[in-house]
Amino acid sequence: MLENLKQNDLVITSNKKIILKYLNDTKQLLNLKIMSLKEFVDNYFGYTNQKAIYYLIKKYHYKFDIAKVYLDNFLFIDSLYQELELNNLIIKTPLFKESISRIVVIDTFLDPYIAKEVEKYEHLYLNEETKNYIPAVKKLKTLEEEVNYVAISILKLLDKIDINKIFIVNLNQDYYIAIKRFFAMYNIPLNLAEKKKIYGTISVKLFLEELKNSKDLESALNKIEKDEIYNYIIDVCNKYQFTSIDDIVIYCIEEELKNTYLQDKKLVNAINIIDFDQMIDKDAYYFLLGFNEGICPLTFKDEDYLSDAKKTQNGILTSLEKNILEKQKVINKVSSFSNLIITYKQKQQSVDCYPSVLIEQLNLPIQTIENNEFSYSHIYNKLKLASLLDNFIKYNIIDPNLSLLYNNYQDLPYLAYDNKYHQIDVNLFRKFINSKLTLSYSSLDNFYHCSFRYYIANILKLDKYEETFMTFIGNLFHYILSLAFKEDFDFETSFQEFIKDKNFNAKEEHFISRLKIKLQEIIKIIKAQDQYSLLNKTLYEQKITVPIQSKIDVNFVGIIDKIKYDEIDNQKYIAVIDYKTGIPNVNINNLIYGLSMQLPIYLYLLKHVFKEDINIAGFYLQKIIHENISFQYGKDYDHEIEKLYYLDGFSNDNENILSKFDQTYTSSKFIKSLKMSSKGFYSYAKVLSNEQINKIISLVDEKINEAIKAIENAEFSINPKVIDNKNIGCEFCKFKDICYKKEEDMNNLKSVNYQDFLNDN
Ligand code: SF4
């Protein structure tokens with residue numbers, strides 16, 4: 001039919017390849033304009049771009065998706081068309097119509113309003129010649145059996161046919177998982193062209209966070225790695241170059257990123273998935289799976305923005321007309337290709353599936369296929385055997401293939417579930433993490449509770465962060481306390497700034513108003529506490545990163561709530577404080593097992609920043625949210641409140657060093673239990689010598705390196721720590737349903753007192 005093409009034709013087709021192949025095969029030099037129907041419509045009638053979306057959102061506050069629906073139909077909404085035209089938002093190709101000499105439409109259904117325009121010119125409709133093949137349709141019990149049959153049929157074909165001449169046609173999404181699984185079992189290379197959303201990746205998250213904060217594209221782009229995703233983000237941003245960055249542009253960019261996909265890399269020699277329109281090679285082999293009702297032919301419903309009634313008025317194909325044309329298209333393909341293998345399933349999971357209406361209409365013979373070929377994949381055979389054993393044990397069903405498979409795979413570990421972690425290939429693991437590792441106190445804490453817990457939470461990242469009201473309150477307190485002691489701090493402005501985008505119910509509002517008063521109370525108390533210290537410099541929310549030499553790139557990162565420091569008589573003094581909204585635990589007995597390491601880790605980080613040259617006065621937790629206390633007769637209420645906010649932790653027993661941080665150390669006015677008598681510190685005062693503090697830092701160093709070594713070697717056994725019969729490792733672990741831990745997995749340990757290992761030489 002393509003021999004009818006002539007010089008200067010405008011060709012409308014969904015398959016440009018067929019034309020190019022024809023011209024190449026026949027060695028013709030024809031000057032053709034080849035377009036898809038969409039390209040023709042855009043050039044002929046005009047189209048809109050991101051400028052129009054921006055305009056509609058700005059003027060009418062539409063949601064992005066709503067604006068897109070209107071713009072998809074702007075040719076048929078008169079008022080919208082006029083408004084867009086008036087604002088120069090319709091892009092037109094002025095000389096396009098003049099350039100048309102003849103229009104050739106190949107195998108494409110036209111809406112009547114387009115056909116009416118096409119027919120104003122010299123035109124030609126070319127449709128593929130149909131033949132009268134009547135292929136047999138293969139009937140299989142389930143979707144999985146259908147896919148298995150297709151995979152084995154392809155394997156047999158591969159002995160005589162080039163893999164690039166075998167295609168799967170019109171594949172429904174329901175088949176993707178099974179196709180991937182079965183083709184992998186049979187080692188059949190496949191281009192599934194799966195699309196992966198980039199929204200939700202770390203790069204997009206960091207980019208959007210920075211863009212929303214800074215409203216600066218360059219600084220947002222600088223936050224992310226220059227990889228494949230970076231290029232996709234650039235492409236989206238380029239669409240909005242016509243205006244400066246504002247909240248609407250940021251919103252549009254975010255919405256576009258939600259619908260931006262990474263394309264799978266295409267294999268050169270593989271089975272490809274194609275549409276009906278791409279079936280052009282009469283010698284190729286085509287597999288049409290899912291020849292079931294509702295899937296093939298596809299059915300359209302009257303549920304678009306423009307109803308069928310409106311479509312009729314505007315000369316657009318109605319759903320009914322599209323269904324007729326779709327059916328005809330399938331009939332043409334089914335009867336025109338001799339190497340077309342059609343299959344359908346009777347069940348998908350437990351749902352009955354009906355065969356396509358075309359089977360009866362075209363009188364296609366049905367061939368029932370039993371899957372009993374077991375010469376192609378051991379993995380498939382073993383899985384099949386396990387499922388046949390299930391049927392036998394549960395329902396007493398004896399499948400004819402059961403004994404054959406059972407006799408061949410007697411070593412099948414059936415019903416022998418093994419919960420053990422089997423070590424991942426180290427090279428594969430390092431590739432997965434890009435040979436980079438970021439550790440923090442919380443990830444290390446997970447690791448030392450149980451290596452498998454760390455693996456799930458920090459490598460597989462299955463521990464989704466969800467903000468609760470309590471985490472919000474914690475963040476609010478940390479935020480305000482990081483600003484409260486700066487010169488230009490205004491409580492009300494900062495408080496409102498933090499809560500401005502949040503919605504609260506009445507109970508939460510009430511709670512927040514009470515906590516607001518508490519927060520002001522703490523600020524006053526902390527200011528008073530600071531008066532007792534000679535360390536006049538303070539850092540808040542200080543991020544410290546320590547690079548560590550290892551087989552992979554490791555960075556240890558920590559954010560310290562408050563560091564008080566100063567230089568006095570050429571000596572540097574420092575104290576570290578972490579705010580706690582929950583119950584503070586300053587116990588360091590389990591440090592030897594890698595637990596309770598938060599404050600010790602901060603000392604380790606500070607030592608790396610300030611090198612050897614610092615005197616650590618102490619390290620403390622400060623509980624910043626308390627229950628109300630009741631008035632007690634004979635006690636000073638204000639003093640009782642102040643005591644609630646006392647620091648809890650360890651102080652240096654060197655009086656010269658400690659006095660720089662707390663001038664009241666002999667009977668401290670802000671450190672819990674810190675008191676002296678003429679004989680020295682009271683026994684309940686938590687004090688440590690310089691040597692002990694240094695020992696803690698060395699211990700942290702040791703524990704960090706021990707963890708890195710295990711992580712870079714992908715050692716993630718299930719090994720929760722049990723100390724004196726108390727299971728500490730599994731406390732608050734969210735992965736109990738995954739690990740199936742057994743008694744033998746427990747890492748049983750004895751409790752230790754920190755004095756023992758800190759005094760130990
Ligand atoms: S429940 Fe216990 S054993 Fe299981 S992953 Fe969590 S910490 Fe490890």
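Predicted model: local features only at pLDDT ≥ 70, side-chain atom pairs only at ≥ 80, totals over all residues.

Colleague: Why is threonine 26 called partly exposed?

Modeller: Its relative accessibility is 36%. Buried means under 20%, exposed over 50% and partly exposed in between, with a 1.4 Å probe and protein chains only. The value for threonine 26 therefore falls in the partly exposed range. This residue lies in the loop between helix H1 (16-25) and strand S2 (33-35); helices (H or I, at least four residues) and strands (E, at least two) are DSSP runs, numbered from the N terminus.

Colleague: What makes aspartate 569 exposed, and how does asparagine 570 count?

Modeller: Aspartate 569 has a relative accessible area of 68%, so it is exposed. Asparagine 570, at 70%, counts as exposed. Aspartate 569 is in the loop between strand S17 (553-568) and strand S18 (571-580), and asparagine 570 is in the loop between S17 and S18. Aspartate 569 lies 31 Å from tyrosine 684, C-alpha to C-alpha, at a sequence separation of 115 residues.

Colleague: How does one know whether alanine 617 is buried or exposed?

Modeller: Its relative accessibility is 0%, so alanine 617 counts as buried. The residue belongs to strand S19 (residues 614-623). Glutamine 542 is 18 Å from alanine 617, C-alpha to C-alpha, and 75 residues away in sequence.

Colleague: How many aromatic pairs are there, and what kind of pair do tyrosine 54 and phenylalanine 242 form?

Modeller: The structure holds 44 aromatic pairs. Tyrosine 54 and phenylalanine 242 have their centres 5.8 Å apart and their planes at 80 degrees. Rings of Phe, Tyr and Trp (its six-membered ring) pair if their centres lie within 6.5 Å; planes under 30 degrees apart count as stacked, over 60 as edge-to-face and the rest as tilted. This pair is therefore edge-to-face. Distant parts of the chain are linked by it, 188 residues apart: tyrosine 54 is in helix H3 (residues 50-60), and phenylalanine 242 is in the loop between helix H11 (228-238) and helix H12 (247-258). Tyrosine 54, at 10%, counts as buried, whereas phenylalanine 242, at 34%, is partly exposed.

Colleague: Why is the pair of phenylalanine 429 and phenylalanine 716 called edge-to-face?

Modeller: Their ring centres are 5.5 Å apart and their planes stand at 65 degrees, so the pair is edge-to-face. Phenylalanine 429 is in helix H18 (residues 426-432) and phenylalanine 716 in the loop between helix H27 (690-712) and strand S24 (721-723), so the pair ties together parts 287 residues apart in sequence. Both residues are buried. They belong to one aromatic cluster, whose members include Tyr421, Phe447 and Phe452.

Colleague: How do you know that lysine 562 sits over the ring of phenylalanine 485?

Modeller: A charge sits over a ring if NZ of Lys or CZ of Arg is within 6 Å of the ring centre and within 35 degrees of the ring normal. The charged end of lysine 562 is 5.6 Å from the ring centre of phenylalanine 485 and counts as over the ring. Lysine 97 likewise lies over the face of tyrosine 44, at 4.6 Å from the ring centre.

Colleague: Which residues surround the ligand?

Modeller: Among them are Cys450, Phe452, Arg453, Ile718 and Lys741; a residue is near a molecule if one of its heavy atoms lies within 4 Å of it. Helix H20 (451-459) and helix H28 (736-739) are the elements that give two or more residues to this shell.

Colleague: What makes the peptide bond from cysteine 296 to proline 297 cis?

Modeller: Its omega is near 0 degrees. Proline 297 is in the loop between strand S11 (285-288) and helix H13 (308-314).

Terms used
Residues numbered from 1 in each chain as written. Heavy atoms only, no water.
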